[in-house]
Amino acid sequence: MVSRGEMRRTSFPDRVVSVLGQEIGAGLHQPGATLPVEAALAARFGVSRVVVREAIKGLVAKGMLSVRPRIGTRVREHAAWNLLDPQVLAWRVAGLHSPDGPAAGLIGQLMELRRIIEPPSVRLAARRATAEDVATMRAAFAAMREAVAGRGAYVPADLAFHAAILAACHNPFLQQLGSALSEILRTSVAISSRDPQDRALSLSLHEQVLIGIEHHDEEAAEAAILRLIGLAGAMLERVAGRAVGPAGR
């Protein structure tokens, strides 16, 4: 049972949502599986059935569960999950550390999405970037370089760099899409940049992207971002291999 001390750190329904969401994301409850009844979940978490009901509604809203009379509460197929919800994506990615989790399949999907969105965006940024846009990118890149040297946080600086690229496209629809997909990029960067040597190599590729955009060289910027995405994919695959192991593949 989850301790009441843990439950007090956040609202009861949110805590139940978080624990069940993590378990579902990690593959402990597979699609099609039926969750325990309300009374059993209430006893497990030390909360009322009303709290459990609210938590289940929250996971239904995220596309992870369905509730039907005489059938119960079931885990939905992954395709129904709202992966643009930061919590859902975080839970899904947490499955990288579980033998029953998404591992390479999710990695491939994340990299596929990045290849669809980022290369055309970089080309557009190279075409439209103003001096102010480039200055913003340079500031983010400088923060990344400081982080690689051990003087700052790498992930926020990397995210700021990619956000600056989307801003340089001067397309409000693309910027809003970028906001919605920020958690996907955050997840990719956070996992793929754990090794200091990998960060140093990634930094060099980011600089090539920056130079391409600054010089309005669409081909060079696109080539650099494709190499960067390829590097991130290889890093993610390596992390998944360590987490899952040969038997889990």
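This is a predicted model: local features need pLDDT of at least 70, side-chain atom pairs count only at pLDDT 80 or more; totals for chains, interfaces and linings use all residues.

Trainee: At what angle do H7 and H8 pack, and how far apart are their axes?

Mentor: Axes are lines fitted to C-alpha atoms, for helices over the stretch in contact, and angles run from 0 to 180 degrees between N-to-C directions. Helices (H or I, at least four residues) and strands (E, at least two) are DSSP runs, numbered from the N terminus. For H7 and H8 the angle is about 165°, and the axes are 8 Å apart. The crossing is left-handed, that is, the near helix is turned anticlockwise from the far one by less than a right angle, clockwise being right-handed.

Trainee: Which residues of H7 and H8 meet?

Mentor: Contact means heavy atoms within 4.5 Å. Among the H7 residues that meet H8 are Met-137, Ala-140, Phe-141 and Met-144, and the H8 side includes Ala-157, Phe-161 and Ile-165. By class, this contact of H7 with H8 has 14 nonpolar, one polar and two charged residues. Here Ala, Val, Leu, Ile, Met, Phe, Trp, Tyr, Cys and Pro count as nonpolar, Asp, Glu, Lys and Arg as charged, and the others, Gly among them, as polar.

Trainee: How does H11 pack against H7?

Mentor: H7 (residues 131-148) and H11 pack at about 165°, with axes 11 Å apart. H7 and H11 are therefore roughly antiparallel to each other, and their crossing is left-handed. The contact of H7 with H11 has nine nonpolar, one polar and five charged residues.

Trainee: Are H8 and H11 parallel or antiparallel?

Mentor: H8 (residues 154-168) and H11 (residues 196-214) pack at an angle of about 20°, with their axes 12 Å apart. They are therefore roughly parallel to each other. Their crossing is left-handed. Phe-161 and Ile-165 are among the H8 residues in this contact, and Leu-203 and Leu-210 among those of H11.

Trainee: How many bridges join strands S1 and S2?

Mentor: Two strands pair if DSSP finds at least two bridges between them. Four bridges join S1 (residues 65-68) to S2 (residues 72-75), and the strands run antiparallel. Val-67 stands opposite Thr-73, and Arg-68 opposite Gly-72. The hairpin has three residues between the strands, and Arg-70 takes a positive phi near 65°.

Trainee: Which residue forms a salt bridge with Lys-62?

Mentor: Side chains of opposite charge can pair when their charged atoms come close. A salt bridge is a side-chain nitrogen of Lys or Arg within 4 Å of a carboxyl oxygen of Asp or Glu. Lys-62 forms one with Asp-85, the closest N and O atoms being 2.8 Å apart. Lys-62 lies in the loop between H4 (49-61) and S1, and Asp-85 in the loop between S2 and H5 (86-94), so the pair ties together parts 23 residues apart in sequence. A search of the whole structure finds eleven salt bridges.

How values were computed. Residues are numbered from 1 along each chain as its sequence is written. Side-chain values use heavy atoms; hydrogens and water are left out. Angles under 35 degrees count as roughly parallel, over 145 as roughly antiparallel, 65 to 115 as roughly perpendicular and the rest as oblique.
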